[in-house]
Amino acid sequence: MRISDYWRLMDDEFGAGYSRVLSSTLVLSGVGGRTADQALAAGVEPRKVWLALCDLQDVPAERRLGRDIAPRRD
């Protein structure tokens, strides 16, 4: 997972504004007791950060892959 995917998932699940607040303030035990921003800056894989955040925020398993995006039709 790329960091851009992490932010897309965050924005889809929590909204553009609140996702930034969560990422910068919520301490995640699953990534060493750091915030998501700190973990990402330290080189923790974005997928691991996303899943740690999902666990703490009780995001249902069916929403952890993000919303379905319809394929483009040319």
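The legends below describe close-up views of a predicted model.

**View 1. Helix α1 packs against helix α4.**
Helix α1 spans residues 3-14 and helix α4 spans residues 46-57. Their axes lie 9 Å apart and meet at an angle of about 20°. Angles under 35 degrees count as roughly parallel, so α1 and α4 are roughly parallel to each other. The crossing of these two helices is right-handed. From α1, the contact uses Ile-3, Tyr-6, Leu-9, Met-10, Glu-13 and Phe-14. From α4, Pro-46, Val-49, Trp-50, Leu-53 and Gln-57 take part. By class, the contact of α1 with α4 holds 9 nonpolar residues, 1 polar and 1 charged.

**View 2. Leu-9 is a buried residue of helix α1.**
Leu-9 sits in helix α1. Its relative accessibility is 4%. Buried means under 20%, so Leu-9 counts as buried. Leaving out residues up to four places away in sequence, Leu-9 touches Met-1, Trp-50, Arg-64, Leu-65 and Gly-66. Trp-50 belongs to α4 and is part of the contact between α1 and α4, as is Leu-9 from α1. Leu-40 is a separate landmark: 31 residues from Leu-9 in sequence and 15 Å away in space, C-alpha to C-alpha.

**View 3. Helix α1 also packs against helix α2.**
Here the angle is about 115°, and the axes of α1 and α2 are 7 Å apart. The crossing is right-handed. Helix α1 contributes Tyr-6, Trp-7, Met-10, Asp-11 and Phe-14. Helix α2 contributes Ala-16, Tyr-18, Ser-19, Arg-20, Leu-22 and Ser-23. The contact of α1 with α2 divides into 7 nonpolar, 2 polar and 2 charged residues. Tyr-6, Met-10 and Phe-14 of α1 meet α2, and these residues are also listed in the contact with α4.

**View 4. Trp-7 reaches residues of α2 and Asp-37.**
Trp-7 lies in helix α1. Setting aside neighbours within four places in sequence, Trp-7 contacts Ser-19, Arg-20, Ser-23 and Asp-37. Ser-19, Arg-20 and Ser-23 are among the α2 residues that meet α1. Arg-72 is 65 residues from Trp-7 along the chain, and their C-alpha atoms are separated by 22 Å.

**View 5. Helix α2 has its buried residues on one side.**
Helix α2 covers residues 16-25. Its buried residues are Ser-19, Leu-22 and Ser-23. They cover an arc of only 95° around the axis, which puts them on the same side of α2. An α-helix has 3.6 residues a turn, so residues three or four places apart point the same way. The cover over the buried residues of α2 includes α1, β2 (34-35), α3 (36-41) and α4.

**View 6. Gly-17 is a partly exposed residue of helix α2.**
Gly-17 is found in α2. Its relative accessible area is 48%, and Gly-17 is partly exposed. Gly-17 and Ser-4 are 13 residues apart in sequence. Their C-alpha atoms are 16 Å apart in space.

**View 7. Gln-38 of helix α3 and Ser-23 of helix α2.**
Gln-38 is placed in helix α3. With a relative accessible area of 44%, Gln-38 is partly exposed. Ser-23, in contrast, is one of the buried residues of α2. Gln-38 and Ser-23 are 15 residues apart in sequence and 8.7 Å apart in space, C-alpha to C-alpha. Helix α3 is included in what covers the buried residues of α2.

**View 8. Asp-58 follows helix α4.**
Asp-58 is in the segment after α4. Its phi is near 55°, a positive value in a residue other than glycine. The relative accessible area of Asp-58 is 64%. Exposed means over 50%, so Asp-58 is exposed.

How values were computed. Residues are numbered from 1 along each chain as its sequence is written. This is a predicted model: local features need pLDDT of at least 70, side-chain atom pairs count only at pLDDT 80 or more; totals for chains, interfaces and linings use all residues. Side-chain values use heavy atoms; hydrogens and water are left out. Axes are lines fitted to C-alpha atoms, for helices over the stretch in contact, and angles run from 0 to 180 degrees between N-to-C directions. Helices (H or I, at least four residues) and strands (E, at least two) are DSSP runs, numbered from the N terminus. Angles under 35 degrees count as roughly parallel, over 145 as roughly antiparallel, 65 to 115 as roughly perpendicular and the rest as oblique. A crossing is left-handed if the near helix is turned anticlockwise from the far one by less than a right angle, and right-handed if clockwise. Contact means heavy atoms within 4.5 Å. Ala, Val, Leu, Ile, Met, Phe, Trp, Tyr, Cys and Pro count as nonpolar, Asp, Glu, Lys and Arg as charged, and the others, Gly among them, as polar. Buried means under 20% relative accessible area, exposed over 50%, partly exposed in between (1.4 Å probe, protein chains only). The arc is that of the directions from the helix axis to the C-beta atoms.
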